[in-house]
Every structure is written in C-alpha cells, then in structure tokens.
Amino acid sequence: MAVDLLLGLQWGDEGKGKIVDVLTENYDIIARFQGGPNAGHTLEFDGIKHILHTIPSGIFHKNAVNVVGNGVVIDPVIFKKELDALKKFNLDIKSKLLISRKAHLILPTHRLLDAASEASKGKAKIGSTLKGIGPTYMDKTGRNGMRIGDLELSDWKEKYRNLANKHEAMIGFYNVDIQYNLAELESDFFKSIEELKELTFIDSEEYLYQAQKKGKKILAEGAQGSLLDIDFGTYPYVTSSNTTAAGACTGLGVAPNQIGGVKGIFKAYATRVGSGPFPTELFDKDGETMGRVGNEFGATTGRPRRCGWLDLVALKYAVRINGVTELMMMKGDVLSGFKKLKVCTAYNYKGEKITHLPYNIEAENVTPIYTEMKGWEADLTKMTKKEQLPDNLMAYIDFLEKELEVPIKIVSVGPDRTQTIHR
Ligand code: IMP
C-alpha cells in the first residue's frame with residue numbers, strides 16, 4: 001500500500017491540520033515527517049477549536065494511529081502542554097501516539113540560541129518562531145544532537161549537560177543581551193521529559209514498513225510550506241527542514257517508490273508570516289480585508305500574517321517540486337465580496353517577462369504580472385455541495401486547474417470539518 005502525502009504549497013498556514021483531520025477517516029496511520037512546534041495546525045469540530053504543534057492532526061480519530069517521525073524535532077515542554085490540552089478528550093495516547101526514537105530533541109538552550117541568533121541579525125532577521133528549530137537541526141546535521149532514543153540510555157543527562165554547556169558558550173559568542181534563567185528552564189525540561197518517557201517510543205521506519213506490508217493506509221503530514229523548504233524555499237528566509245515531498249522519504253524512512261498520491265494544499269490567496277520576499281504582497285485595503293476576514297494571525301506566535309494575491313508562478317513551482325497529484329483550495333470564502341480578483345501569472349524580472357521562479361525574488365528584482373478575474377458576492381460558508389458554488393468561483397477554479405494542470409479536489413469554505421466541499 002503506497003503512502004500518500006499531504007503538503008502545504010505556499011508559506012505555511014494553508015490549513016493542513018483541517019484537511020488531515022477531514023481525511024483521517026480514510027487512513028489507518030497519520031505520520032508527521034518534519035518540523036516541530038514552529039507549526040500550528042488548527043482543527044475545528046463540534047464547536048471546539050484545537051491547535052496542534054507537534055502531534056499529528058489525526059489524533060482525534062479513535063481508529064487512527066499517529067506517528068511522530070524521525071524528521072520531526074520535539075520540544076518536551078511544548079509536547080507536554082499539547083498532551084495536557086488533549087487530556088479532556090480521553091484519547092488512548094499510549095497506543096495511538098507513537099514517537100520515533102530517531103526524532104531529535106529541542107533543548108532549552110536551542111531556544112536561547114535561536115533568540116540570540118535572531119537578535120544578532122538586526123534587520124536581516126528571519127522572523128523565526130523562536131522555538132529552537134534552526135539550532136536543533138544544526139545540531140542534527142552537525143552530528144551533535146540528542147534523540148528521543150537517547151532518553152532510554154543511562155547517560156542521557158551527561159550528554160545533555162555537555163551539549164547545553166556548549167550552547168551556553170555559543171550564546172556568549174553572539175554578544176547580544178539575552179536574559180534567561182537556565183535552572184528554571186531545565187527544571188521544566190526535565191519534568192516534561194519524565195512525562196514524555198511515559199509515551200511509546202518506536203523504530204518508526206520499521207513500524208511503517210510493516211504497516212505498509214499489512215496493507216495499512218498511511219498519510220504523511222507535512223508542516224510549514226514548500227516556499228519555506230530549506231533547499232527550495234526563499235532562502236535564507238525559510239525553516240530548517242525539507243518541507244517538500246522528498247522530506248517525507250527522509251523524515252519517515254519511506255522509499256520514493258512507495259509514495260502514492262501527493263495532496264497539495266493552497267489558499268485562494270497568499271499569506272506569509274515572518275520576513276522574506278513576497279512578490280504579490282498587498283499593502284492596501286484588499287490586503288487588510290484578507291487579513292481581517294481570513295483571521296490571518298499565526299497559530300503559534302499570534303503574529304499578523306502578511307497577505308497578497310495568489311502567486312501562480314510560485315504555486316506552479318511548488319506543484320512541480322512536489323509532484324502534486326491533487327489540489328485542495330482553502331479559504332475561498334475569504335474572497336467573497338471582492339469585485340475583482342488578481343492572480344499573478346508571470347513576473348517582470350529585471351525587465352524581462354518570466355514564468356518560472358528565479359533565484360532571487362526580492363521586490364527590487366521582481367514585479368508581478370497579473371490576470372484579473374471577476375469576484376463573487378455569495379457567502380460560501382454554508383454551502384455543502386459543489387453545485388452551490390458561484391459561477392465566478394468556478395471560473396476561478398477552472399482557470400487555476402488549467403494553469404496548474406492538476407485537479408482541485410477539495411474546496412474548503414470555512415474552518416470547520418463540515419465546511420468542506422469535495423469535487
Ligand atoms: P522557524 O522555523 O521557527 O525558524 O521560522 C523560520 C521561518 O518560517 C519564519 O519566517 C517563520 O515565520 C516561518 N514558519 C515556521 N513555521 C511556520 C508555520 O508553521 N507556518 C508559517 N510560517 C512558519
């Protein structure tokens with residue numbers, strides 16, 4: 001049985017959490033493959049809104065097993081808070097949530113290093129969520145990291161101390177004013193680790209291999225979006241993992257020839273949180289309306305998201321890099337009431353018209369070239385069938401499908417599980 005992927009195609013916040021939750025009834029296993037608590041996956045059902053950071057978005061479905069893969073980085077303190085928030089749902093966490101021994105741990109000093117690094121960058125800061133993601137992946141690739149499996153060994157505290165001491169010295173090198181009380185942070189960290197150790201640690205690549213052999217249906221859940229990919233995103237304004245399809249292979253131990261459908265999620269417009277280039281960004285009333293109606297605030301940091309028109313140059317790039325086989329369009333409802341909509345179909349790049357994503361998309365190099373489309377008035381949020389969707393929205397969808405050469409299978413018309421139209 002092939003493993004399906006679900007990925008964000010823009011700068012994150014496309015609505016992956018909602019769609020994984022909607023799709024979980026078709027899967028036996030949901031497996032997160034990269035990122036960490038920089039993610040905020042929002043799910044709404046039965047009048048409850050829930051935000052997950054590290055735990056896969058299939059956790060609320062009784063029959064699904066949720067795997068935190070080797071490619072994920074885990075902060076025990078945040079993980080404990082996530083578990084606490086789940087307690088009232090009476091889920092069987094011990095058997096339904098499995099954690100890879102090869103997943104790396106975010107230490108308190110990783111968070112401090114993140115803060116020191118950002119503070120030292122001044123205006124050039126990445127706009128990191130400051131969850132310690134970059135420094136943890138640096139230790140992973142630098143072969144210094146601590147992994148979940150280390151917690152089963154007797155000398156893990158010694159390993160921790162050596163790494164934390166090294167981090168403290170590194171913080172000193174940044175020469176910035178970072179106030180912290182490490183003893184307090186460590187007390188929280190060690191308490192949270194004790195709780196983490198109550199959970200089930202597995203060799204997840206073996207578990208997934210055996211599950212596949214038994215015919216179990218697996219969905220790999222991505223975090224962030226393709227334009228934040230460490231290799232293919234708008235570097236250096238990116239996160240520190242491979243958010244694209246290949247990341248699911250390395251982040252779960254699934255071979256490339258075992259990948260089945262690739263489900264790509266995008267918003268009907270575009271948003272970005274943090275710094276970095278964003279060619280179609282709006283600084284006018286339209287952008288303000290998208291932000292207000294779309295409630296565009298970071299689920300993890302609460303920061304307002306920058307908003308702009310849909311960028312098809314960037315979206316085509318993401319579709320190709322990931323090999324997307326079906327698309328899901330989110331938040332079409334937010335565009336209701338716009339008289340005209342714009343879609344960026346090419347860039348003016350240093351005076352030349354181009355339709356591919358170039359190396360450098362800073363505002364001084366790139367001006368978007370737009371195609372205008374008619375908007376629609378109708379409120380979509382109560383619609384349940386594709387036949388109810390307004391003609392101008394259907395024309396918008398048809399146009400995108402032609403440009404992207406991939407079918408749009410789901411149109412989401414609101415945050416709730418039920419506000420999902422299948423086509
Ligand atoms: P970091 O991964 O926390 O270091 O953040 C690096 C960049 O990725 C910043 O611009 C963040 O705002 C952005 N980012 C990280 N995680 C997410 C996410 O889940 N959604 C949207 N943006 C994110």
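Leaving aside neighbours within four places in sequence, K16 is in contact with L6, L7, G8, H41, G222, A223, Q224 and I265. In this predicted model, K16 belongs to helix α1, which covers residues 16–23. Its relative accessible area is 3%. Because buried means under 20% relative accessible area, K16 counts as buried.

One of the contacts of K16 is Q224. Q224 is placed in the loop between β10 and α9. With a relative accessibility of 9%, Q224 is likewise classed as buried. Its phi is positive, at about 55°, although Q224 is not a glycine. Most residues other than glycine have a negative phi, and most peptide bonds are trans. A positive phi also occurs at L130, where the angle is near 60° and the residue is again not a glycine. L130 sits in the loop between α4 (108–121) and α5 (133–141). The relative accessibility of L130 is 39%, and L130 is therefore partly exposed, the class that lies between under 20% and over 50%.

The loop between β10 (218–221) and α9 (245–252) also holds P236. The peptide bond that leads from Y235 to P236 is cis, and its omega is near 5°.

Strand β10 contains I218. I218 is buried, with a relative accessibility of 2%. When neighbours within four places in sequence are left aside, the contacts of I218 are A2, V3, D4, Y27, I29, L208, A211 and Q212. The C-alpha atom of I218 lies 9.4 Å from that of T24, and 194 residues separate the two along the chain.

Among the contacts of I218, L208, A211 and Q212 are residues of helix α8. Helix α8 spans residues 204–213, and its buried residues are S204, L208, A211 and Q212. These residues lie on the same side of α8, because they cover an arc of only 100° around the helix axis. After α8 comes G215, which has a positive phi near 85°.

Strand β9, made up of residues 200–202, includes I202. The relative accessibility of I202 is 11%, so I202 counts as buried. Apart from neighbours within four places in sequence, I202 is in contact with V67, L98, I99, S100, R101 and Y207. For one of these, S100, the C-alpha atom is 5.1 Å from that of I202, while the two residues are 102 apart in sequence.

G308 is found in strand β13, which runs over residues 306–308. Its relative accessibility is 0%, which means that G308 is buried. With neighbours within four places in sequence left aside, G308 is in contact with Y269, A270, F278, T280, E281, L282 and M290.

The remaining values describe the protein chain as a whole. Its secondary structure consists of 12 helices and 20 strands. Among contacts between residues at least 6 apart in sequence, 77% join residues that are at least 24 apart.

Taken along the principal axes, the C-alpha atoms fill a box of roughly 65 × 50 × 40 Å. Of the 423 residues, 57% count as buried. The accessible surface of the protein chain is about 18,100 Å², and carbon and sulfur atoms account for 51% of this area. The protein chain carries 55 positive and 54 negative side chains. The centres of these two sets of charges lie 1 Å apart.

Key. Residues are numbered from 1 along each chain as its sequence is written. This is a predicted model: local features need pLDDT of at least 70, side-chain atom pairs count only at pLDDT 80 or more; totals for chains, interfaces and linings use all residues. Side-chain values use heavy atoms; hydrogens and water are left out. Buried means under 20% relative accessible area, exposed over 50%, partly exposed in between (1.4 Å probe, protein chains only). Helices (H or I, at least four residues) and strands (E, at least two) are DSSP runs, numbered from the N terminus. The arc is that of the directions from the helix axis to the C-beta atoms. Contact means heavy atoms within 4.5 Å. Accessible areas come from the Shrake-Rupley method with a 1.4 Å probe; for residues, only the protein chains shown count as cover. Lys and Arg count as positive and Asp and Glu as negative; His and the chain ends are not counted. The place of a charge is taken as NZ of Lys, CZ of Arg, CG of Asp or CD of Glu.
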